[in-house]
Amino acid sequence: MADTNSLRLREAGSRETNAQMSASRLEAFSDGVIAVIITIMVLELHVPKPDGWPGSWSVAPRLGVYLLSFLVVGIYWINHHELIRRTESVDYRVLWANLIFLFVLSLIPYFVDYLDEKAFDSFATILYDVTMLAAGGAFFLLRWAVMRRQLFAGSLQHTDESELWRHTASLGIYLLSIAVAFYQPWLSLTINALVTVVWVVPGPRVAAGAEERATADHSTRPIE
């Protein structure tokens, strides 16, 4: 029975070979879009009108939410690289899931500016949190699409599936931050920041991959 299921998976995967492109091409495109997103956030930082410490203090909230958003986008970039490298080619499911993810991610600079313009009120904070939740959901969709490719290729590992738990936990944190935003916007943003703590520590598959690449680089380094 297991052999029959494996054969069906291989046959389903072979039918998709005509609709594939290089994973490295998708990653290069995504790197460019993410770089633009970070650049836009930087350009939205403006010099305050007051001089001295009062002026610096007036832009502190904006700098804080910029730092949070920068970390979120940066962590997504790292995890996106680690996820895409697990497959040599991608199909239309991965392509569309990746576009949806990049679209939601590109909304972050807008809602960072919206949050600042509305003085970090509850409604603006909820919109920001919802955007973060949508980005997490879109990346979850991308992860599912890549894992489907790994399943067809026979390269899906237990550590790949275990990362779904961390991803689900991060979505739960975003839902909690949305609920808190109705009453305490700043506490909501603090809870939102916990997601960066969840993902800043690499999972076992990421750490193993980094160790393998470091070993490969060391083995191929010429002897001086």
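Here is a tour that goes from the whole chain to single residues.

**Before you click**

This is a predicted model, in which local features need pLDDT of at least 70 and side-chain atom pairs count only at pLDDT 80 or more, while totals for chains, interfaces and linings use all residues. Residues are numbered from 1 along each chain as its sequence is written, and side-chain values use heavy atoms, with hydrogens and water left out.

**Stop 1: the whole chain**

Show the protein chain as a cartoon and you'll find 10 helices and two strands. These are DSSP runs numbered from the N terminus: helices are H or I with at least four residues, strands are E with at least two. Followed along the sequence, the order is α-β-α-α-α-β-α-α-α-α-α-α.

Of the 224 residues, 39% count as buried. Buried means under 20% relative accessible area, exposed over 50%, and partly exposed in between, with a 1.4 Å probe and protein chains only.

**Stop 2: the core**

Which residues have the most contacts inside the largest nonpolar core? Select Val73, Tyr76, Phe101, Leu105, Tyr128 and Leu142; the core has 43 residues. Such a core is a set of buried Ala, Val, Leu, Ile, Met, Phe, Trp, Tyr and Cys residues joined through side-chain atoms within 4.5 Å. Among the elements giving two or more residues to this core are helix H4 (60-84), helix H5 (92-106) and helix H7 (122-153).

Zoom in on Leu142. Not counting residues up to four places away in sequence, Leu142 touches His80, Leu83, Val94, Ala97, Asn98 and Phe101, where contact means heavy atoms within 4.5 Å.

Next, pick Ser30 in helix H2. Ser30 has a relative accessible area of 0%, so it is buried. Leaving aside neighbours within four places in sequence, Ser30 is in contact with His80, Asn98 and Leu102.

**Stop 3**

Are they buried or exposed? Ala119 counts as exposed at 61% relative accessibility, whereas Phe120 counts as buried at 7%.

Then hop to Leu127 in helix H7. Its relative accessibility is 24%, so Leu127 counts as partly exposed. Apart from neighbours within four places in sequence, Leu127 is in contact with Phe111 and Tyr114. Draw a C-alpha to C-alpha distance from Leu127 to Ala181: they are 54 residues apart in sequence and 9.6 Å apart in space.

**Stop 4: the largest pocket**

Finish at the largest pocket, with a volume of about 230 Å³. Of the 11 residues lining the pocket, select the closest to its centre: Glu44, His46, Val59, Arg62 and Asp116. On a 1 Å grid over the protein atoms alone, a pocket is an open set of points where a 1.4 Å probe fits, with protein on both sides within 12 Å along at least five of seven lines; lining residues have an atom within 4 Å of a point. Grid points are joined across faces, edges and corners, and the volume is the space filled by probe spheres set on them. H6 gives the largest share of the lining, three residues.
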